Amino acid sequence: MEVKNFAVWDYVVFAALFVISSGIGVFFAIKERKKRTSREFLVGGRQMTFGPVALSLTASFMSAVTVLGAPSDVYRFGASFILFFIAYAFVVIFTSELFLPVFYRSGITSTYEYLQLRFNKPVRYAATVIYIVQTILYTGVVVYAPALALNQVTGFDLWGSVFATGIVCTFYCTLGGLKAVVWTDAFQMVVMIVGFLTVLIQGSTHAGGIHYVIEQATNGSRLNIFDFDVDPLRRHTFWTISVGGTFTWLGIYGVNQSTIQRCISCKTEKHAKLALYLNLLGLWIIVACAVFSGLIMYAQFKDCDPWTSGVISAPDQLMPYFVMEIFATMPGLPGLFVACAFSGTLSTVAASINALATVTFEDFVKNCFPHLSDKLGTWISKGLCLLFGVMCTCMAAAASLLGGVVQAALSIHGMCGGPILGLFSLGILFPFVNWKGALGGLLTGITLSFWVAIGAFVYPAPAAKTWPLPLSTDQCIQSNVTATMSPVLSSRPAIADTWYSLSYLYYSAVGCLGCIVAGVIISFITGPERGENIQPLLIRPVCNLFCFWSKKYKTLCWCGVQHDSGTEQENLENGRAWKQGAESVLQNGLRRESLVHVPGYDPKDKSYNNMAFQITPF
């Protein structure tokens, strides 16, 4: 394959991204230097507004894997990827209406604090360890995979990009904390949109116009979006994307520390919800850009597919190859696209480093050293950012040794996210579930999701379930291309064509539902939790939606939790002594005699604000 190297202007545009990102970290380090506490550093003082938080959320979850992988997926399998519109809508609704109110009103900083309030410390620590391992592994792959794809197509230095990404992210996370991460993400989101729009405009012009693109996509069956086949073994159908995609993204979004940390940094609950819904618009825009980019690529390469003809060695290289083709005579614009791709990487890595530092500080450091001073806590938080930055960069280096395992590593989010989603669902939706059921459910969910995912890696699904749409090489100039033969599967167990062939989008559903079912059964066997032992703010009474006509049935479904004892504000005032970050609950216990007024509810705004989490003297 001919490698088209960057011009000087490409390097200038790309370097500007790193310089500006680092500059934002320096700015907030200088601006906030006199009022830094660990809480200010990790959650921005809980005074962020919805605009930058929404942009940050979108940028954090639209990594370079999306920028490079989604257009390639559309190119090969068709535009059914657009159905993620439905999954994202459900994810944002469930997050904002089901999970966010519980996390925001309880005043926690780490989402895993909730698990200790609802269950106990072992459950909290088990979930935290799973999250840390999962995030380090995933972040390393997020850094390495796009760097490899860009290196093989553009000639951009592989290890230079890997270490530059790790160093810059670690630098502005360590200096500026969450505020630097959020505002840098907002800037990087703008870069991603501009990069995509540039590719869309030039690509459609180069291919012959939007009408021609749509015509060729229709002729190539790329616009057959709605496939209602209920077969769970099919890679992408309406049901696998809308249902399985909802579970997958809810597992890595709705209860993810990175998401919730940004939401609880907002100054009111209303701002947090607005950030989520505005973020939904951003997700839709990115997905739409990715889908149209894939269709334009198909119109460009419909008669000479660079993947099957051997011009490129992996599908993820399609987008960089396409960009270098259409911008061959426009120095600087390939650099803009690479900046777009690495904006996704930077935002994801920065969000991961900040979230890892937060859960480690809140779940381990503060529990071991509860009387840390604010100054020392801030320095420890910065040290954790530095540590995890180094670890994620080293994981990127290790990913280069994984070979074919990289694809399996990318699915680790779904494998771990589903059971964690099930664990939080047990706590929030099922008041009778006890800590034994929670821990047993988590282990069951992890076992099931890893079983199916590892089995799928060892025994790939039959080609009939995952084969891409037809790709042509009729007009390619044939070179020395070696035809690759599919491996002969001599010994293949029967389970490989059923359980192991399940669509990858159902991994989270398997883990989540397995966790919930096992947790409910174990709780009934070991004795259900007594409702009066559970603070109402830790439960969402969703049964009210289904039993609205009968107070008797609603009370029965509450399982003894006193949801009818007053309004949520009265529960805040007459419940446990919630203080900043719920530290008083976690460290001093649940003291019914410590009834305090928590001025967190604004009846005019009909929203909770972070006044609720200021320290109240006893």
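# Reading rings, helices and confidence

Q: What does Trp499 count as at 23% relative accessibility?
A: Partly exposed. Buried means under 20% relative accessible area, exposed means over 50%, and partly exposed lies in between, with a 1.4 Å probe and protein chains only. Trp451, at 42%, is partly exposed. Across the protein, buried residues make up 58% of the 618 residues.

Q: What kind of model is this, and which pLDDT limits apply?
A: It is a predicted model, in which local features need pLDDT of at least 70 and side-chain atom pairs count only at pLDDT 80 or more, while totals for chains, interfaces and linings use all residues. Residues are numbered from 1 along each chain as its sequence is written, and side-chain values use heavy atoms, leaving out hydrogens and water.

Q: What is the mean pLDDT of the protein, and where is pLDDT under 50?
A: pLDDT is the predictor's confidence in each residue, from 0 to 100. Here the mean is 78, and 78% of the residues reach 70 or more. pLDDT stays under 50 over residues 566-599. The model still gives that stretch 86 contacts beyond four places in sequence; a contact means heavy atoms within 4.5 Å. Residues 611-618 are also below 50, with 21 contacts beyond near neighbours in sequence.

Q: How many helices and strands does the protein have?
A: There are 24 helices and two strands. Both are DSSP runs, numbered from the N terminus: helices are H or I with at least four residues, strands are E with at least two.

Q: Which parts of the chain does the pair of Trp451 and Trp499 tie together?
A: Geometry comes before location here. The ring centres of Trp451 and Trp499 are 5.3 Å apart and the planes at 55 degrees, so this pair is tilted. Trp451 lies in helix H18 (residues 435-458), and Trp499 in the loop between helix H19 (463-466) and helix H20 (507-526), so parts 48 residues apart in sequence are tied together.

Q: Which rings lie under Arg76 and Arg235?
A: A charge sits over a ring if NZ of Lys or CZ of Arg is within 6 Å of the ring centre and within 35 degrees of the ring normal. The charged end of Arg76 sits over the ring of Trp307, 5.3 Å from its centre. Arg235 lies over the face of Phe77, at 4.1 Å from the ring centre.

Q: What else surrounds Arg235?
A: Arg235 lies in the loop between H9 and H10. At 17% relative accessibility, it counts as buried. Beyond four places in sequence, its contacts include Asp73, Phe77, Lys465 and Tyr504. Its side chain makes a polar contact with the side chain of His236, at 3.4 Å. Such a contact is a pair of N or O atoms within 3.5 Å; within protein, one must be able to donate a hydrogen and the other to accept it, and residues adjacent in sequence count only if both atoms are side-chain atoms.

Q: How many residues of H4 are buried, and what span does H4 reach?
A: The expected span of a helix is 1.5 Å times one less than its number of residues. Helix H4 (residues 64-77) has 14 residues and reaches 19 Å from its first C-alpha to its last, close to the 20 Å expected. Twelve of the 14 are buried, including Asp73, Arg76 and Phe77. Gly78 follows H4, with a positive phi near 105 degrees.

Q: How does helix H12 read on span and burial?
A: Helix H12 (residues 269-301) has 33 residues and reaches 48 Å, close to the 48 Å expected. Of these 33 residues, 24 are buried, so H12 is largely enclosed by the rest of the structure.

How values were computed: Rings of Phe, Tyr and Trp (its six-membered ring) pair if their centres lie within 6.5 Å; planes under 30 degrees apart count as stacked, over 60 as edge-to-face and the rest as tilted.
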